[in-house]
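Hi,

Here is the structure I said I would pass on.

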Amino acid sequence: MEYENKLVLAPMVRVGTLPFRLLAADYGADITYAEEIIDHKIIKCERIVNDYIRSTDFVEKGTDNVVFRTCNEEKGRVVFQMGTSDAVRALKAAQLVCKDVAAVDINMGCPKSFSVSGGMGAALLTKPDLIHDILTTLRRNIDTPVTCKIRLLKSSQDTVELARRIEKTGVSALAVHGRQVADRPRDPAKWKEIADVVSALTIPVIANGDVFEYDDIQRIKVATGASSVMVARGALWNASIFSPIVKAHWEDVKKEYVRKSILWDNDVKSTKHTLKEMIMHYSCLEFPEGKAIIKSQNLADLAKVYGDEEYYESVSANRIALDRHA
């Protein structure tokens, strides 16, 4: 996996599932991060090849709950992002998935309480020895590239010192979100402090924060010196942000996402969440479309909302035919 001069889809909880990752890749994303998955959760899974939709599924044992789904089409670019606070657990989880992904990333930036309270995410930023333990354990025991994603610390000097310690573990790249833990999404990202990290390291740094249009990609590159850029909300609102040609209308992007969700049998709750996030940025959930999404119980219902019943039936018929030949 190369990390220089790449466009990167950021990890987003309940959004970064297989159909959205493939959608972003179709529009030009070179590297696509999956949503963060906690080590405890993936360890409870077994790897199953799903012949019906040609995917590789990590399914919670004793259930039908698909915790992580990937496919051969994205093997060279998908990054499995893990939430962890323990090197042994992190290794066990990484060993389960590493042959099916392009890289393994440790989340060190999530400020949400569910992550921090478990000693994961941004809680790791104040534990450099534990960071070192987790990253070196992974580097020594798996051949898959290892990376991590951090937030800014209280001072630029502190961030640079941590980044240097991380670099010494042998990671392939470092993603830096240009906000501190206490910052809100509406607070401007501090591109200058990302630049301080870039100038201090020799490994690729992936700049993240306030990239909402294609032109912002070049702007953050110039401002930070980073050659690679990670996009979160800008991609959620319109995945064609990665395309240098022309930005697609968000309505068209949304419908393509629904089709990919049907094709890859995505979890309906995840699909509904992503659609609602798209709609709330441009419109309102109180309109008929939003209400219909909220009421939808399954992917068939969502297909009806977008006039894609025929496509849904076609995909279903193909699966039945495969089942008969199995």
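This is a predicted model, so local features need pLDDT of at least 70 and side-chain atom pairs count only at pLDDT 80 or more, while totals for chains, interfaces and linings use all residues. Residues are numbered from 1 along each chain as its sequence is written, and side-chain values use heavy atoms, with hydrogens and water left out.

I'll begin with the loop between strand S1 (7–9) and helix H1 (18–26), which is where Val13 is found. (Helices, H or I and at least four residues, and strands, E and at least two, are DSSP runs numbered from the N terminus.) Val13 counts as partly exposed because its relative accessibility is 43%; buried means under 20% relative accessible area, exposed over 50% and partly exposed in between, with a 1.4 Å probe and protein chains only. Leaving aside neighbours within four places in sequence, Val13 is in contact with Glu35 and His273, contact being heavy atoms within 4.5 Å.

Val13 also turns up in the UniProt annotation "binding site" (unreviewed entry), along with Pro11, Met12, Gln81, Lys149, His177, Ala232 and Arg233. The lining of the largest pocket takes in Pro11, Met12, Val13, Gln81, Lys149, His177, Ala232 and Arg233 from that set. On pockets: the search uses a 1 Å grid over the protein atoms alone, and a pocket is an open set of points where a 1.4 Å probe fits, with protein on both sides within 12 Å along at least five of seven lines; lining residues have an atom within 4 Å of a point. As for UniProt, positions are in the numbering used here, feature names are shortened, and annotations may be inferred rather than shown by experiment.

Arg233, from that set, is found in helix H9 (residues 233–237) and counts as partly exposed because its relative accessibility is 27%. Not counting residues up to four places away in sequence, Arg233 touches Met12, Arg179, Pro185, Asp210 and Phe212. Asp210 is worth a click too: its phi is near 65°, a positive value in a residue other than glycine, and it is found in the loop between strand S11 (205–208) and helix H8 (214–224).

Which residue does UniProt give as "active site"? The record (unreviewed entry) puts that feature at Cys110, which is found in the loop between strand S8 (103–108) and helix H4 (113–116). Cys110 is buried, because its relative accessible area is 13%. Its contacts, residues up to four places away in sequence not counted, are Glu36, Ser115, Val116, Gly121 and Ala122.

Now the helices. H1 is mostly covered, with eight of its nine residues buried: Leu18, Pro19, Phe20, Arg21, Leu22, Leu23, Ala24 and Ala25. Gly28 follows H1 and has a positive phi, near 125°.

Helix H11 (residues 268–282) has 15 residues and reaches 21 Å from its first C-alpha to its last, close to the 21 Å expected at 1.5 Å a residue; the expected span is 1.5 Å times one less than the number of residues. Among the buried residues of H11 are Val268, His273, Leu275, Met278 and Ile279. The buried residues of H11 pack against H1, H9, helix H10 (250–263), helix H12 (288–295) and helix H13 (299–305).

The largest nonpolar core has 88 residues, and those with the most contacts inside it are Ile42, Met108, Ile166 and Leu174. Helix H3 (residues 87–97) gives the most to this core, with six residues. Apart from it lies another core, of 11 residues, among them Tyr3, Val8, Ile31 and Tyr33. A nonpolar core here is a set of buried Ala, Val, Leu, Ile, Met, Phe, Trp, Tyr and Cys residues joined through side-chain atoms within 4.5 Å.

Arg54, in the loop between strand S4 (45–50) and strand S5 (55–60), has a positive phi near 60° though it is not a glycine, and counts as exposed because its relative accessibility is 62%. Val246 is found in the loop between H9 and H10; Val246 and Tyr27 are 219 residues apart in sequence and 10.0 Å apart in space, C-alpha to C-alpha.

Cheers
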